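Please work through the exercises below with the sequence and the coordinates at hand. Each task is followed by a solution in steps.

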Amino acid sequence: GEVDLGTSIMAVEFEGGVVLGADSRTSTGTYIANRASDKLTPVHDRVYCCRSGSAADTQAVSGMVSMQLGGHATELGRLPAVKTAASLFQRICYEYKDRLMAGIICAGYDEVEGGSVYSIPLG
């Protein structure tokens, strides 16, 4: 029979920035609930995340990070660093590790580091 491999997400950093990719299927067990879901989410102008795990969990976490990052950027008066977004994802995912099913890749471009990719694993 067919082997279910789960979600495929990836991000690659290169000299001029980053490239992100993901499959588009959302499943509930062995049933494919949606063949055209978007697992790439903008967090700020130049910061995105790839989401895997529970769609509800990852949407909630990415929304929280987006809101906090927006406030941070307003205070700074400039675009936030990708590392800051990754730190926010890491803090939230770790704080709620017993309640979340979320694996996230945070990637983007900032003026200090250029293109960068961070992986926030499950738990």
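The exercises that follow concern a predicted model.

**Exercise 1. Determine how helix H1 and helix H2 are oriented to each other.**

Solution. 
- Step 1. Locate the helices: H1 covers residues 55-76 and H2 covers residues 82-95.
- Step 2. Compute the geometry of the pair: the angle is about 135 degrees, and the axes lie 10 Å apart.
- Step 3. Classify the angle. Values over 145 degrees would count as roughly antiparallel, and 65 to 115 as roughly perpendicular; H1 and H2 are therefore oblique to each other.
- Step 4. Assign the hand: H1 and H2 cross in a right-handed sense.

**Exercise 2. State which residues touch the most other members of the largest nonpolar core, and which elements supply the core.**

Solution. 
- Step 1. The core holds 16 residues.
- Step 2. Those touching the most other members are Val 43, Val 61, Val 65, Phe 89, Ile 104 and Cys 106.
- Step 3. At least two residues of the core come from each of strand E6 (47-53), H1, H2 and strand E7 (102-110).
- Step 4. The greatest contribution is that of H2, with 7 residues.
- Step 5. As background, nonpolar side chains in soluble globular proteins tend to be buried together.

**Exercise 3. Classify Ser 37, Ser 62 and Tyr 96 as buried, partly exposed or exposed.**

Solution. 
- Step 1. Ser 37 sits in the loop between strand E4 (31-34) and strand E5 (40-44). Its relative accessibility is 16%, so Ser 37 counts as buried. Apart from neighbours within four places in sequence, Ser 37 contacts Asp 23, Ser 24, Arg 25 and Thr 26.
- Step 2. Ser 62 belongs to helix H1. Its relative accessibility is 5%, so Ser 62 is also buried. Beyond four places in sequence, Ser 62 touches Thr 41, Cys 49, Arg 51 and Phe 89.
- Step 3. Tyr 96 occupies the loop between H2 and E7. With a relative accessibility of 31%, Tyr 96 counts as partly exposed.

Methods
Residues are numbered from 1 along each chain as its sequence is written. This is a predicted model: local features need pLDDT of at least 70, side-chain atom pairs count only at pLDDT 80 or more; totals for chains, interfaces and linings use all residues. Side-chain values use heavy atoms; hydrogens and water are left out. Axes are lines fitted to C-alpha atoms, for helices over the stretch in contact, and angles run from 0 to 180 degrees between N-to-C directions. Helices (H or I, at least four residues) and strands (E, at least two) are DSSP runs, numbered from the N terminus. Angles under 35 degrees count as roughly parallel, over 145 as roughly antiparallel, 65 to 115 as roughly perpendicular and the rest as oblique. A crossing is left-handed if the near helix is turned anticlockwise from the far one by less than a right angle, and right-handed if clockwise. A nonpolar core is a set of buried Ala, Val, Leu, Ile, Met, Phe, Trp, Tyr and Cys residues joined through side-chain atoms within 4.5 Å. Buried means under 20% relative accessible area, exposed over 50%, partly exposed in between (1.4 Å probe, protein chains only). Contact means heavy atoms within 4.5 Å.
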